[in-house]
Amino acid sequence: MSVPKCFRCVQVFFKQTTRHLCSSPRCRTDEDIRRFISENTEVSGEQSLTPEVRLRLFTSNCRFWRERPELWPFDDPYWAIYWPGGQALSRYLLDDPAVCRGKTVLDLGSGCGASAIAATLCGAARVVANDIDTVAAVATHMNYDLNGLQPPICLTHNMIGSRPESFDLILLGDMFYDEALATSLHSWLDRCIQTRGTKVLIGDPGRAQFEEHGIRRLLFPLAHFELPKSVREENYGLTHASVWCYQPEL
């Protein structure tokens with residue numbers, strides 16, 4: 001798996017020791033979490049593929065880049081990184097707003113909520129952001145606030161494998177980082193398309209777990225983006241990210 005240098009640093013840093021604070025966000029109110037995110041992230045995004053979208057992200061300017069890991073109260077902050085596949089997916093939507101306009105959209109594995117924000121900016125009729133980390137839901141609300149938008153519906157249960165709902169469009173940015181997850185996604189997406197006629201868009205920077213999975217042969221390329229220099233440096237030399245439409249053989 002190729003992960004950003006910043007996240008590799010954070011991941012190793014956080015797992016070196018046992019946390020002495022409660023690791024569950026349920027131990028805190030949303031207001032506590034909002035305050036913590038506000039104090040320990042930086043408003044950023046200008047160096048991404050979508051400079052018009054503002055996000056609270058984890059950067060080297062943030063306290064916990066170097067703070068003692070046992071003081072970090074939550075799980076690893078996937079929600080505080082703007083992953084390259086999500087950047088490509090968001091850029092594609094913003095460049096072609098008709099893809100989302102008037103549609104019911106699910107941003108699966110929404111993280112910081114950037115793709116959900118892009119869908120909202122493009123005029124989606126309804127946007128649902130789904131991430132199993134409850135802190136991500138709070139971060140998504142905060143990022144919507146940053147962009148002057150009313151927050152989406154945020155769901156924190158695992159929707160993969162659940163009964164397909166009537167979404168017109170499902171967005172997946174950087175979700176093919178694990179083979180088992182990719183396989184479960186493959187099966188569930190097939191059911192969503194077969195029963196609901198859902199369109200599925202995938203953003204990925206070409207990770208091995210994505211390129212080597214069987215789903216790859218069922219994808220139609222829609223867009224290809226060169227990643228900004230800062231994003232390339234953070235992602236161990238990944239230079240591009242692409243957007244694909246999933247067209248299974250049903």
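Author: Let's start with strand 7, residues 199-204: 5 of its 6 residues are buried, so the strand is largely enclosed by the rest of the structure. Buried means under 20% relative accessible area, exposed means over 50%, and partly exposed is in between, using a 1.4 Å probe and protein chains only. Helices (H or I, at least four residues) and strands (E, at least two) are DSSP runs, numbered from the N terminus.

Reader: Before we go on, what kind of model is this?

Author: It's a predicted model, where local features need pLDDT of at least 70 and side-chain atom pairs count only at pLDDT 80 or more, while totals for chains, interfaces and linings use all residues. Residues are numbered from 1 along each chain as its sequence is written, and side-chain values use heavy atoms, with hydrogens and water left out.

Reader: Which way does strand 6 run relative to strand 7, parallel or antiparallel?

Author: Two strands pair if DSSP finds at least two bridges between them. Here, strand 6 (residues 169-173) and strand 7 run parallel, joined by 5 bridges. Look at Leu172, whose bridge partner in strand 7 is Ile202. To get from strand 6 to strand 7, the chain passes through helix 6 (residues 179-196), and this β-α-β crossover is right-handed. That label applies if, with the strands pointing away from the viewer, the path from the first strand over the helix to the second runs clockwise.

Reader: And how many bridges pair strand 7 with strand 9?

Author: There are 4, and that pairing is antiparallel. Strand 9 covers residues 240-246, and its Val243 is the bridge partner of Gly203.

Reader: How many disulfides does the structure have?

Author: A disulfide is a pair of cysteine sulfur atoms within 2.5 Å. The search of the whole structure turns up 0. Take Cys122: the closest cysteine sulfur is in Cys100, 5.2 Å away, so that's too far for a bond. Cys122 counts as buried because its relative accessibility is 6%, whereas Cys154, at 22%, counts as partly exposed.

Reader: What about the largest pocket: which residues lie nearest its centre?

Author: Those are Gly109, Ser110, Asp131, Met175 and Tyr177, out of 28 lining residues. Strand 3 (104-108) and helix 4 (114-121) are the elements giving two or more residues to that lining. The space in the largest pocket is about 650 Å³.

Reader: How much volume does the second largest pocket have?

Author: About 380 Å³. Of its 21 lining residues, the closest to the centre are Ser44, Leu57, Phe58, Thr59 and Glu234. Helix 8 gives the most to this lining, with 3 residues.

Technical notes. 1 Å grid on protein atoms, 1.4 Å probe; cavity = no way out; pocket = protein on both sides within 12 Å on 5 of 7 lines; lining within 4 Å. Points joined across faces, edges and corners; volume = space filled by probe spheres on them.
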